[in-house]
Amino acid sequence: HSFPTRRSSDLYAGQVSRPKGVHTILRALAALNAGQTGAYRLTIVGDGVPDYRAELDAIIRENNLSDSVIFLGRLPHSEIPSVHHRSHALVFSSEWDEPFGLSHIEAMAGGCPVISTTTGGSGELIRDGINALAYKAGDAQALANCLERLRNDEPLRARLAINGRQWVEERHSIDGYARNLEQFLLNAISH
């Protein structure tokens, strides 16, 4: 598979609440955009806690990010693949130990590179530099470094898109599950 160059915006898709770490993305964006308005953009898909949204709006105002951040609100699940397709990367910023990263799987399946924390179930999915880029939860500067690295290294972005898609096909598709189960059962029988 080859994936087209995507430059429109980085993407966050999920619940907009403090444990999800959206504030960390905004702080990384502020660091990257210091002195260059709109150089890095973020599209936020989802909604959540109103008080937290007010906090995010304050971060946006304080850092002159109003031209760099777009809130799309909740979208029908059927529209998410096209959002992935238009995005430069999905940023998964969760700061709590979520059990499984469905957002990762959906983005990778659509050929959208992933930048992620490795909290909870994410740690089982993310192979830093192989199928995604990883950063420490809550570390805005580390996230900024990942965003900058991905923006400036198109071969890396393309490789992560291809490897992420392959990872999902091998481990999280029906065919992949069936092959893995078959191999597991054959190994069990032989012992």
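The model is a predicted one, and the protein in it contains eight helices and six strands. Read from the N terminus, these elements follow the order β-α-β-α-β-α-β-α-β-α-β-α-α-α.

As for overall dimensions, the C-alpha trace spans about 65 × 35 × 30 Å along the principal axes of the protein. The radius of gyration is 17 Å, which agrees with a compact globule, because a globule of 191 residues would have a value near 16 Å. Of these 191 residues, 45% count as buried, while the accessible surface of the protein comes to about 9600 Å², with 53% of that surface belonging to carbon and sulfur atoms.

Two packed helices are described by the angle between their axes together with the distance between those axes. For helix α4, residues 102–109, and helix α7, residues 154–171, the axes come within 7 Å and cross at roughly 115°, and the crossing of α4 and α7 is left-handed. Helix α4 brings Ile 105, Met 108 and Ala 109 to this contact, whereas helix α7 brings Ala 161, Gly 164, Arg 165, Trp 167 and Val 168.

Notes. Residues are numbered from 1 along each chain as its sequence is written. This is a predicted model: local features need pLDDT of at least 70, side-chain atom pairs count only at pLDDT 80 or more; totals for chains, interfaces and linings use all residues. Side-chain values use heavy atoms; hydrogens and water are left out. Axes are lines fitted to C-alpha atoms, for helices over the stretch in contact, and angles run from 0 to 180 degrees between N-to-C directions. Helices (H or I, at least four residues) and strands (E, at least two) are DSSP runs, numbered from the N terminus. A crossing is left-handed if the near helix is turned anticlockwise from the far one by less than a right angle, and right-handed if clockwise. Contact means heavy atoms within 4.5 Å. The radius of gyration is taken over C-alpha atoms; the globule rule is 2.2 Å times the number of residues to the power 0.38. Buried means under 20% relative accessible area, exposed over 50%, partly exposed in between (1.4 Å probe, protein chains only). Accessible areas come from the Shrake-Rupley method with a 1.4 Å probe; for residues, only the protein chains shown count as cover.
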